[in-house]
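Dear colleague,

I am handing over the structure below, together with some notes on what turned up when I went through it. Please read them with the structure open beside you.

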Amino acid sequence: MKFTDYNHQANIIHHYIEEQLHHSYLKEFIDQPYIDRNRINFLLLPFMNGQRMVTQQEMKWISTAMFLHVALETHEKVTISEQDSLKERQLTVLAGVYFSSLYYKTLAESEDVGLIEVLSSAIKKINECKISMYKEEYTSIEELMEDVRIIETSIAAHFYEFFHQKEWVPLLSDTFLYNRLLQERLALKNTQDTIFINALASILKQSEEPADEHLILSAIDTTLEKIQKNIEVQLDRIKPVPPAVRELFMEFLPFTEPLTTTKLYAEEG
């Protein structure tokens, strides 16, 4: 399958998800949910089979995983800040519940109990890791990174395993973690607080002195470099790989040039 054909199918799925997530009343008060196109691309990969188009059932499976991701991301936006009105906070919670209902509704229609069980396990793991991050209960950077990896990857990893594509999970996991760290790096450069940055700063602080931006940035960059090397090694080791699949995976990787260029791109973007 050519990349242009693949991209066309991803566009169809993206449009379907966008339509399902649309709610005119919610749109008046809260931001439209962000649909991560890169995740759609990766969730579509297990169904690549020659030149055929994705089936209606496969589109619903992919949409289900995306509804779940959007719901979890929406709940994470709920704040206790007085800058946000009570109505806005309440509607954000309700939006998350509404997006979750789309996940359950779509799975119920497909009558796929197995996938429900698999994704429920992913939800449990993600929520446990988010709680740990909020509580900042880490003793090492490695522990924190592993929880971020689980948060970013669990839905897609469980999805891949359910559809018997387990061999791609380590590469998928590194790719999603790399993307998340690029986002956190950009947030740090823009002086934005995130639960990840706070948790990392908590690990790096010395005595009562808070960790400075340079120290946090250095920890993120060191991890990014390690992950990039891991991804490159894995791509060389995964054999045999259908040429079309390898080509598509290369298209979706978060970097195509050395990390120094990637950093510059993230900062200027």
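Which residues of the largest nonpolar core touch the most other members? The model is a predicted one, and in it that core has 79 residues, of which Ile17, Met133, Phe159, Phe196 and Ile216 touch the most other members. Leaving aside residues up to four places away in sequence, Ile216 touches Leu188, Ile197, Leu200, Ala201, Leu204 and Ala211.

Helix α3, residues 37-44, has six of its eight residues buried, so it is largely enclosed by the rest of the structure; the buried ones are Arg39, Ile40, Asn41, Phe42, Leu43 and Leu44. The N-terminal end of α3 is capped by Asp36, with a side-chain oxygen 3.0 Å from the backbone nitrogen of Asn38.

As for the aromatic rings, the count of pairs comes to seven. One of them is the edge-to-face pair of Phe42 and Phe176, at 5.4 Å centre to centre and with 75 degrees between the planes. Because Phe42 lies in helix α3 and Phe176 in helix α8 (residues 169-189), this pair ties together parts that are 134 residues apart in sequence. Both Phe42 and Phe176 are buried. Elsewhere, Phe47, Trp61, Phe159, Phe162 and Phe163 form one aromatic cluster.

A word on confidence: the protein averages a pLDDT of 80, and 76% of the residues score at least 70. Confidence is highest in helix α7 (residues 141-162), at a mean of 95, and lowest in helix α12 (residues 259-268), at 43. Over residues 258-269 the pLDDT is below 50, although this stretch has 18 contacts in the model beyond near neighbours in sequence.

With best wishes

Note on methods:
Residues are numbered from 1 along each chain as its sequence is written. Side-chain values use heavy atoms; hydrogens and water are left out. A nonpolar core is a set of buried Ala, Val, Leu, Ile, Met, Phe, Trp, Tyr and Cys residues joined through side-chain atoms within 4.5 Å. Buried means under 20% relative accessible area, exposed over 50%, partly exposed in between (1.4 Å probe, protein chains only). Contact means heavy atoms within 4.5 Å. Helices (H or I, at least four residues) and strands (E, at least two) are DSSP runs, numbered from the N terminus. A polar contact is a pair of N or O atoms within 3.5 Å; within protein, one must be able to donate a hydrogen and the other to accept it, and residues adjacent in sequence count only if both atoms are side-chain atoms. pLDDT is the predictor's confidence in each residue, from 0 to 100. Rings of Phe, Tyr and Trp (its six-membered ring) pair if their centres lie within 6.5 Å; planes under 30 degrees apart count as stacked, over 60 as edge-to-face and the rest as tilted.
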